[in-house]
Amino acid sequence: MKKLSLFQTTIGKKLLMALTGILFCFFLLVHLLNNLTLFLGPDSFNALVSSLEYIKPLIRVLEVLLLIILVTHIYNAFFLSYKSKSSRPSGYSSQIKDSSTISSKTMLISGVTILLFLVVHLGTFWRIFQSVDDHSIYYDIVTKNNIVGFGNPLIAVLYMAASIFIGMHLKHGFESSFKTFGISNVRTKNIINKVAILFWFVVPFGFFVISAWFGIIKGLL
Ligand code: HEM
């Protein structure tokens with residue numbers, strides 16, 4: 001029988017999903033910290049974005065790595081979901097509604113929603129930022145543009161909804177990786193749970209607050 005490499009096995013693929021998920025979480029943390037400079041005003045945000053120009057080659061490498069991380073995560077998600085569906089005895093799902101099936105369905109729905117958001121986000125903010133030469137307008141594009149930016153309340157609502165989906169997706173993700181890796185030691189679980197809150201609650205909440213503040217609240221004041 002042909003010997004499988006670790007990443008061809010189910011546990012290996014789950015490991016890869018957890019690893020790529022965590023790496024993307026770190027990107028989101030850094031991305032949030034960058035975007036929080038919006039609260040410091042146009043000069044700070046524009047200066048930060050302009051300063052990234054100096055390390056453009058590094059940014060490009062990181063973007064390619066991020067793409068590989070994302071594609072690996074998504075490919076394995078669909079592979080595992082297909083495999084678990086095809087290995088389930090027929091009629092099983094109608095007899096027993098087990099919680100893991102419901103949870104993985106939720107993960108797939110929130111995952112696809114986040115992916116759609118990402119397509120819109122990269123097709124607007126990221127694409128526009130690549131072609132702008134005037135470094136004094138980055139802040140205005142994000143906070144005031146009334147088509148793709150938070151000057152359009154619908155865009156703000158889209159970002160707020162995406163933040164909620166990201167929070168849900170990450171919460172389930174952390175919970176299911178605890179099960180996959182059999183973390184049962186109470187002390188270890190408590191520590192990881194606390195760190196996980198930073199990723200599944202604090203970070204998405206930060207994105208939610210930015211969109212709500214610039215897209216909705218500021219306009220009402
Ligand atoms: C308040 C919410 C957000 C704002 C204001 C924001 C803003 C931006 C901007 C301005 C860029 C272009 C940066 C550049 O090219 O220099 C960007 C890129 C990007 N954003 Fe966001 N973003 C937000 C939320 C998110 C979320 C929730 C995700 C992930 C689900 C995300 C993923 C990305 C990715 C993958 C890139 C391309 C990589 C990069 O150039 O950094 N963003 N974002």
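**A bent helix and its surroundings**

Let's start with α8, which bends by about 45° at Trp213; the bend is the angle between axes fitted to the seven residues ending there and the seven starting there. Keep in mind that this is a predicted model, where local features need pLDDT of at least 70, side-chain atom pairs count only at pLDDT 80 or more, and totals for chains, interfaces and linings use all residues. Residue numbers start from 1 along each chain as its sequence is written.

**Overall layout**
- The protein chain has eight helices and zero strands; these are DSSP runs numbered from the N terminus, with helices being H or I of at least four residues and strands being E of at least two.
- Its C-alpha atoms fill a box of roughly 60 × 40 × 35 Å, taken along the principal axes.
- Of contacts between residues at least 6 apart in sequence, 74% join residues at least 24 apart; a contact here means C-beta atoms, placed from the backbone, within 7 Å.

**Confidence**
- The chain averages a pLDDT of 90, and 92% of the residues score at least 70; pLDDT is the predictor's confidence in each residue, from 0 to 100.
- Helix α6 (residues 138-143) scores highest, at a mean of 97, while helix α4 (residues 92-95) is lowest, at 50.

**What's buried**
- Buried residues make up 15% of the 221 residues in the chain; buried means that 20 or more other C-beta atoms, placed from the backbone, lie within 10 Å of the residue's own.
- In α8, the buried residues include Ala196, Pro204, Ser211 and Gly215, and what covers the buried residues of this helix includes α1, α6 and α7.
- The largest nonpolar core has 19 residues, of which Phe150, Tyr159, Leu170, Phe199 and Trp200 touch the most other members; such a core is a set of buried Ala, Val, Leu, Ile, Met, Phe, Trp, Tyr and Cys residues joined through C-beta atoms within 7 Å.
- The elements giving two or more residues to this core are α6, α7 and α8.
- Not counting residues up to four places away in sequence, Tyr159 touches Phe207 and Ser211.

**Around the ligand**
- The ligand is surrounded by 21 residues, with Phe125, Trp126, Phe129, Phe207 and Ile210 the closest; a residue counts if its C-beta atom, placed from the backbone, lies within 6 Å.
- α5 gives the most to this shell, with seven residues.

Terms used. A residue is buried if 20 or more other C-beta atoms lie within 10 Å of its own, exposed if 12 or fewer, and partly exposed in between; C-beta atoms are placed from the backbone. Two residues are in contact if their C-beta atoms, placed from the backbone, lie within 7 Å.
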